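Good morning. Please keep the structure open while I speak.

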Amino acid sequence: MLTIEEIYKAQNVLKDVARHTKLVPAALREDAQVFLKPECLQLTGSFKLRGAYYKISQLTPEEKSRGVIACSAGNHAQGVALGATRAGIKSLICLPSGAPISKVEATKRFGAEVCLVQGVYDDAYAKAIELRDKYGYTLVHPFDDPLVITGQGTIGLEILQDLPDADIIVVPVGGGGLISGVAFAAKTLNPKIKVYGVQAEGAPSMASSLECHRRIHLNNVSTIADGIAVKEPGINTFDICNRYVDGIVTVSEDEIAAAILNLIEKQKLVAEGAGAVSVAAVMFNKIPVKDKKVVCLVSGGNIDVTILSRVINRGLTVGGRLSTLIINLADKPGQLSGVCKVIAELGGNIISVVHDRMDSHNSINGCVIRIELETRNADHIREIKDGLNEEGYQVM
């Protein structure tokens with residue numbers, strides 16, 4: 001059972017550990033007042049520190065003597081590692097083998113022993129249960145533990161302390177621990193507030209479960225938002241979401257990439273895919289926010305830098321800032337310069353040109369050029385295409 005008194009107690013326990021992240025105004029929409037809750041600025045790079053630390057703080061001396069074990073895609077792992085190290089106890093973390101190297105190394109730096117497990121989160125969880133039973137560790141569940149949920153609920157307190165008249169809170173959802181705590185705290189203090197969850201289209205376990213009125217286990221999950229790639233919601237979190245959450249929406253990979261890019265470029269914040277889904281939902285009209293005060297919870301910033309450039313390029317493409325044109329040309333002098341002249345006059349910036357005479361689909365006297373260019377937006381791309389067509393160039 002959750003209680004608001006316990007969440008206030010957790011806030012006091014966490015006051016010297018978890019930062020009270022201040023709300024940041026963000027110009028995401030012209031028809032709504034949007035604020036960001038940047039939990040990506042926590043010491044471990046995500047909100048997970050709150051629940052993990054509070055759970056460990058409430059262990060008995062005997063439980064602490066045996067140490068703790070956890071399973072995680074990365075962020076919960078760092079929270080458990082830090083909490084255990086500060087409590088002076090052992091921590092063993094089971095991570096999926098595909099977890100970003102940056103998260104694995106960060107977990108080790110916070111003092112934990114790491115066990116890599118083939119598969120995804122659910123496989124790591126099974127291994128953690130096996131080791132818990134074998135060695136007597138205390139399991140710190142990443143989302144389906146009442147004390148962990150209580151720790152995450154401190155975010156709801158902070159939001160309403162900083163913005164008492166907030167209308168909507170938008171929360172990333174994986175297993176549901178974060179939104180359970182936030183929704184319970186926020187709705188206990190203000191029953192009129194709306195709380196919406198956001199999942200990736202490739203991992204909609206909570207959305208599917210609420211729609212079917214029972215917990216659904218997905219066979220596969222696939223998303224760049226690895227922090228919320230959970231196959232099945234928790235027992236406790238499903239029940240709490242069913243009672244307190246106003247709806248769960250999903251966003252595509254392209255929408256997530258566009259949100260990450262927006263946060264970097266406009267807000268100067270680095271968010272991982274899981275942390276950016278709340279922003280994506282507001283950017284792409286998945287939630288009714290018109291004329292409302294909206295808080296988007298940016299839950300984490302531990303993105304793998306090796307994929308960051310790909311995510312940025314995808315975000316640029318989605319926003320019409322990067323475009324590739326394929327054009328059929330007669331293979332004769334002056335054709336390429338004519339194409340470049342049209343693009344330049346219309347304000348496009350050419351990044352690269354690939355010229356191909358050998359494609360079997362070309363006419364014998366023809367060629368294909370592939371031009372990558374920087375543009376302002378989708379309207380600008382259409383303007384350039386129309387300009388090329390008007391000059392007699394065949395844009396494929």
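Predicted model: local features only at pLDDT ≥ 70, side-chain atom pairs only at ≥ 80, totals over all residues.

Now the overall dimensions. The C-alpha trace spans about 85 × 45 × 40 Å along its principal axes. In secondary structure, the chain has 15 helices and 14 strands. There are 396 residues, and 56% of them are buried.

What about the contacts? Take those with a separation of 6 or more: 72% of them are between residues 24 or more positions apart. On charge, there are 42 positive and 44 negative charges, and their mean positions are 4 Å apart.

Next, please find strand S4, residues 91-96. How many of its six residues are buried? The count is six of six, so to speak a strand that is mostly covered. The side chains go two ways. Ser 91, Ile 93 and Leu 95 point one way from S4, while Leu 92, Cys 94 and Pro 96 point the other way, and all are buried.

S4 also has strands paired with it. Strand S3, residues 68-71, is joined to S4 by four bridges, and these two run parallel. Between S4 and S5 comes helix H5, residues 101-109, and S4, H5 and S5 make a right-handed β-α-β unit.

Last, a residue in a loop. Leu 218 is found between helix H9, residues 205-212, and helix H10, residues 235-244. Is Leu 218 buried or exposed? Its relative accessible area is 14%, and the cut-off for buried is under 20%, so Leu 218 counts as buried.

Which residues does Leu 218 touch, leaving aside neighbours within four places in sequence? They are Ala 203, Pro 204, Ser 205, Val 230 and Lys 231. For a sense of distance, take Gly 197: Leu 218 and Gly 197 are 21 residues apart in sequence, and their C-alpha atoms are 18 Å apart in space.

Note on methods:
Residues numbered from 1 in each chain as written. Heavy atoms only, no water. Buried < 20%, exposed > 50% of the residue type's maximum accessible area, 1.4 Å probe, protein only. Contact = heavy atoms within 4.5 Å. Lys, Arg positive; Asp, Glu negative; His and termini not counted. Charge placed at Lys NZ, Arg CZ, Asp CG, Glu CD. Pairing = 2+ DSSP bridges. Right-handed = clockwise from strand over helix to strand, strands pointing away.
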